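Let's take a walk through a protein model together. Have a look at the picture first, then read on.

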Amino acid sequence: MVGAGETLMWLGEYAQARQWLEEGLALARKLGDVGSCAEALAHLGQMTLEQGEPIEATARLEESIALARQIGDK
């Protein structure tokens, strides 16, 4: 789901991308997949920043960074 959301984001299909990324994030949280959570949040943060939503983007990107650090991802 996260990969599909990322692809849709790069294609400029933001509404569909957000849906896939949000669903992927929810599933990753449920499964305890910290890496996928970090990835989904990074993409959501980037996308919301590009759409002019810096406050939401900052929150998502900060959470992504914290999760990535938690699992030792540089």
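You'll find D73 in the segment after helix 4, where helices (H or I, at least four residues) are DSSP runs numbered from the N terminus. The C-alpha atoms of D73 and Q51 are separated by 27 Å, and the two residues are 22 apart along the chain.

A quick word on the model: it is predicted, so local features need pLDDT of at least 70 and side-chain atom pairs count only at pLDDT 80 or more, while totals for chains, interfaces and linings use all residues. Residues are numbered from 1 along each chain as its sequence is written, and side-chain values use heavy atoms, with hydrogens and water left out.

## A buried serine

Now for S64, which sits in helix 4. Is S64 buried or exposed? Its relative accessibility is 8%, so S64 counts as buried. Skipping its neighbours within four places in sequence, S64 is in contact (heavy atoms within 4.5 Å) with A38, L41 and A42.

## The core

The largest nonpolar core has 15 residues. A nonpolar core here is a set of buried Ala, Val, Leu, Ile, Met, Phe, Trp, Tyr and Cys residues joined through side-chain atoms within 4.5 Å. Among the residues with the most contacts inside this core are A17, L21, L44 and M47.

Apart from its neighbours within four places in sequence, L21 touches V2, G5, E6, A40, H43, L44 and M47.

## One face of helix 1

Which residues of helix 1 are buried? They are V2, G5, L8 and M9. Seen down the helix 1 axis, these buried residues fall within an arc of 125° (taken from the directions from the axis to the C-beta atoms), so they line one face of the helix. An α-helix has 3.6 residues a turn, so residues three or four places apart point the same way. The buried residues of helix 1 pack against helix 2 and helix 3.

After helix 1 comes G12, with a positive phi near 85°.

## How the helices pack

Helix 1 and helix 2 pack at about 160°, with axes 8 Å apart; axes are lines fitted to C-alpha atoms over the stretch in contact, and angles run from 0 to 180 degrees between N-to-C directions. The residues in contact include V2, G5 and L8 of helix 1 and A17, W20 and L21 of helix 2.

The axes of helix 2 and helix 3 come within 9 Å and cross at roughly 155°, so helix 2 and helix 3 are roughly antiparallel too. The contact includes L21 and L25 of helix 2, along with C37 and L44 of helix 3. What about helix 1 and helix 3? Their angle is about 15° and their axes are 10 Å apart, so these two are roughly parallel. Among the residues making this contact are M9 and W10 of helix 1 and H43 and M47 of helix 3.

Technical notes:
Buried < 20%, exposed > 50% of the residue type's maximum accessible area, 1.4 Å probe, protein only. Parallel < 35°, antiparallel > 145°, perpendicular 65-115°, else oblique.
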